[in-house]
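Colleague: I would like to learn how to read the disulfides in a model. Could you take me through them one at a time?

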Amino acid sequence: MRSSTFFIASAWMVSLAFSPQVHAAQQCDRDIYGQVYCAPKGGLLQKDAFGKYACSPGQCIRDDHGVLLCSAKKGGVVVSDPFKGIQCIGGCVQPHLKYCQRPR
């Protein structure tokens, strides 16, 4: 049991290291112009290849075409089912700047 827990924790840490997304634990990031963008609590902050930020209210997962689909519910969960496809709590949305929060 202990070795399987260690393996799962190790795999999770490695996946975070190679993830292109900035997770809510990192919360905020600054763009090249000095503007600060923050993920909503339980959401995701992502920077695209052009340096533009987008956020989501909940967790995200990529579909078979590489499109990021996210839960529309704050802190919501996304699951991938081989028979039903991707299902998002509260419906699915794509990350967008409008979901990002700005510090005051």
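**Reading the disulfides**

Modeller: Start with one cysteine: cysteine 70 has 0% relative accessibility, so cysteine 70 counts as buried. Keep in mind that this is a predicted model.

Colleague: Which residue does cysteine 70 join through a disulfide?

Modeller: A disulfide is a covalent bond between the sulfur atoms of two cysteines. Here the partner of cysteine 70 is cysteine 60, with an S to S distance of 2.0 Å. The link of cysteine 60 and cysteine 70 is right-handed, with 105° about the S-S bond. Cysteine 60 sits in strand β6 (residues 60–62) and cysteine 70 in strand β7 (residues 68–71), so the bond ties together parts 10 residues apart in sequence. At 22% relative accessibility, cysteine 60 counts as partly exposed.

Colleague: How do β6 and β7 pair, parallel or antiparallel?

Modeller: β6 and β7 pair in the antiparallel sense, over three bridges. Cysteine 70 is also the bridge partner of cysteine 60 in β7. The hairpin of β6 and β7 has five residues between the strands, and in this hairpin glycine 66 takes a positive phi near 85°.

Colleague: How many disulfides does a search of the whole structure find?

Modeller: The search finds four. Counting bonded cysteines along the chain, the pattern is 1-2, 3-8, 4-5, 6-7.

Colleague: What does the disulfide of cysteine 55 and cysteine 100 tie together?

Modeller: Look at the sulfur atoms, then at where each cysteine lies. The sulfur atoms of cysteine 55 and cysteine 100 are 2.1 Å apart, and the link is right-handed, with 95° about the S-S bond. Cysteine 55 is in strand β5 (residues 53–56) and cysteine 100 in the segment after β10 (92–93), so this pair ties together parts that are 45 residues apart in sequence. Both cysteine 55 and cysteine 100 are buried.

Colleague: Which cysteine forms a disulfide with cysteine 88?

Modeller: Cysteine 92 does, and the two sulfur atoms are 1.9 Å apart. This link is right-handed, with 95° about the S-S bond. For accessibility, take each end separately. Cysteine 88 has a relative accessible area of 14% and is therefore buried, while cysteine 92, at 37% relative accessibility, counts as partly exposed.

Colleague: What stands opposite cysteine 92 in the strand pairing?

Modeller: Serine 71 stands opposite cysteine 92, which is in β10. The strands β7 and β10 run antiparallel and are joined by two bridges.

Key: Residues numbered from 1 in each chain as written. Predicted model: local features only at pLDDT ≥ 70, side-chain atom pairs only at ≥ 80, totals over all residues. Heavy atoms only, no water. Disulfide = S-S within 2.5 Å. Helix = DSSP H or I, 4+ residues; strand = E, 2+ residues; numbered from the N terminus. Buried < 20%, exposed > 50% of the residue type's maximum accessible area, 1.4 Å probe, protein only. Pairing = 2+ DSSP bridges.
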